[in-house]
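I opened my notebook with the structure on screen and picked a few things to look up. Here is what I jotted down as I went.

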Amino acid sequence: MTIELENVTKRVGAVTHIKPVTLTLKPGQFNVLLGETGAGKTSLIKLMAGLDPAASGTIRMNGKDVTHLSTQKRNISLVHQFFVNYPHMSVFDNIASPLKVAGMARSEIEGRVEQAAKLLQLTPMLKRRPQELSGGQQQRTALARAIVKESQAVFLDEPLANLDYKLREELRDQLPDLFAGRGAVVIYATSEPEEALMLGGRTALMQDGQVVQFGPTAGIYRRPGSLAAAQVFSNPPINTAPITKRGSRAHMGSAISWELTGAAADLRDGDYTVAVRPNYVLPVRDRGADVPMTGTVLVTELSGSESSAHFSLPGGSWVSLSPGVHPYEVGRDHQFFMDASRCFYFAPDGALAA
Amino acid sequence: MQKRHLIPLVYILFLLLPIYWLVAMSFKTTNEILSGFSLFPQTFTLANYRTIFTDPTWYWGYINSILYVSLNTVISVVVALPAAYAFSRYRFLGDKHLFFWLLTNRMAPAAVFALPFFQLYSAVGLFDTHIAVALAHCLFNIPLAVWILEGFMGGVPKELDETAYVDGYSFPRFFTTIFLPTIKAGVGVTAFFCFMFSWVELLLAKTLTAVYAKPIAATMTKTASSAGYELGLLAAAGTLTIIPGAIVIWFVRNYIAKGFALGRV
């Protein structure tokens, strides 16, 4: 089972929601759609699910053209961000509903529902109504309904976004097991880079209704193909600044410069954009961070074991994220150190240069 | 008793006073009613009620009313359900204007429509039938029903529809087995308001009927003029007229609060 999208677009009135997308999604591992709110993740899922018509392009499932096939005939499952269950049915009937519609025998339905309920720890709640359950249990009910039938594709549209931290971690650990060994293509939309990294598999980075990069999740994180991809795949946001390469050195404004190494050293002289993740900008000279830069501290945040500081540089506002507690004084100049070996360099058109 | 209980108590007393007076009168003889002021019936009688339940011109008034009111309620809800679904789920050209236009139908007084309806129904042979009154009342009740139902349907996330389609439900099956049960409170509230408006509407019901479909309220006004002042009988008829409304309110009392919360009732 594969899902292939070929130049698929979506328009509402005159507004383009999805620019031409070409993707091939395979089973076996999670296919993560990663992008900020409004990037088009849900729109793309709705296109693949047949809930919205594509303005142009072709969608194929298993080689068969399904572009104009109704949702009901696509044999898919979908879990929404909000906990959507049938409020007037018991949890059992909720999970059983896709099987009942398919006309399965009562005895087989019972066996399957019980199995799904066991996997998701819902067995004691089968007789209750969805509203009587906690948020986590409601979402597990929706998940159970998605796994109970043998669908060709499972769409998970930010299924954990509305759960609290603990439940989210618990369910996220469980998710890959739920779908392991099935032939279904699993598509998981999220706005959190960490979530994509934890789920692994392959990631399609989305921005402004476009897939900007698609490939193995860890690979994209290590080597974003474009400035847009680097920006989407970083939380807190990746630091960027315009630089000029002259000879073997990169210059940011007049005060900051560093020696280029590796592929970056071979770049042609000219203007580039440097991007570096906040965890490679530290308040101390440490762990390879040795390019000094001085900026005025704007905002600081302390989250127990990590300190973050926003500070101003000639090229804009940067963030430093470092382990441990560091005393920053807002409004004062502070020295930070950047690990130049972790920098990405992008050409003016946004493509990765080195 | 605390002071703060006093005002609501007085208020409720004033509200209930005319109803009490009506009920008390229905157990009195006409002579006693006319002879002077009495808080309780001096000679308690059930004769008024007996007359109503034995005289066909009386009890058929009730049957007629209940028939056309039920008919109207069913038509209104059945017609309004798909309309409200369309308004709540789809955007189409002029949808908001159409929605508002529906409501403006409620703004004209019934008297405006009495003559055209009378003329039209007489011409097509609908005059003096239950369906005539039921259809005429649709003019007010369908817009109301669409308005109320749209409010309830708007409260159901569109994701529920999508989940059902993904599960394999066809639209008709989704609508009847999932959507309707989900908004059953709304359907109850809507039916209640259609019932009440049709039940209390007198002008159209009187104009469009003569003998066979004459509503109870019309029977009451006729009796008052032809057979002298049978006040006890009228009071009994009035009491019986309140009862169906009270019963319906009892059944939907919990849903009404929900309707008010949605700001649509």
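How many residues of domain 1 of chain B are in contact with domain 2 of chain B? I looked this up first, keeping in mind that the model is predicted.

**Entry: the two domains of chain B**

I found eight residues of domain 1 of chain B in contact with eight residues of domain 2 of chain B. On the domain 1 side, helix 1 (6–26) and helix 2 (30–35) of chain B each give two or more residues.

**Entry: where chain B meets chain A**

Next I checked the contact between the chains. It takes 14 residues from chain B and 17 residues from chain A. On the chain B side, helix 8 (158–167) and helix 9 (171–182) each supply at least two residues. Which helix of chain B gives the most to this side? I got helix 8 of chain B, with seven residues. By class, the chain B side has seven nonpolar, four polar and three charged residues.

**Entry: chain A as a whole**

I moved on to chain A and noted eight helices and 20 strands. Its C-alpha atoms fill a box of roughly 75 × 45 × 35 Å along the principal axes. Chain A has 354 residues, and 42% of them count as buried. I then looked at contacts in chain A between residues at least 6 apart in sequence, and 66% of these join residues at least 24 apart.

**Entry: one sheet in chain A**

I picked out an open sheet of four strands in chain A, with the order 2-1-4-5 and antiparallel pairing. Why is one side of strand 2 and of strand 5 left without a neighbour in the sheet? Strand 2 (15–25) and strand 5 (64–65) of chain A stand at the edges, so each has a single partner strand.

Inside the sheet, I followed strand 1 (residues 3–12) of chain A to strand 4 (residues 56–61), and five bridges join this antiparallel pair. I spotted Thr9(A) opposite Ser56(A), which is in strand 4 of chain A.

Note on methods:
Residues numbered from 1 in each chain as written. Chains lettered and ligands numbered in written order. Predicted model: local features only at pLDDT ≥ 70, side-chain atom pairs only at ≥ 80, totals over all residues. Contact = placed C-beta atoms within 7 Å. Nonpolar A, V, L, I, M, F, W, Y, C, P; charged D, E, K, R; others polar. Buried ≥ 20, exposed ≤ 12 C-beta atoms within 10 Å, placed from the backbone. Pairing = 2+ DSSP bridges.
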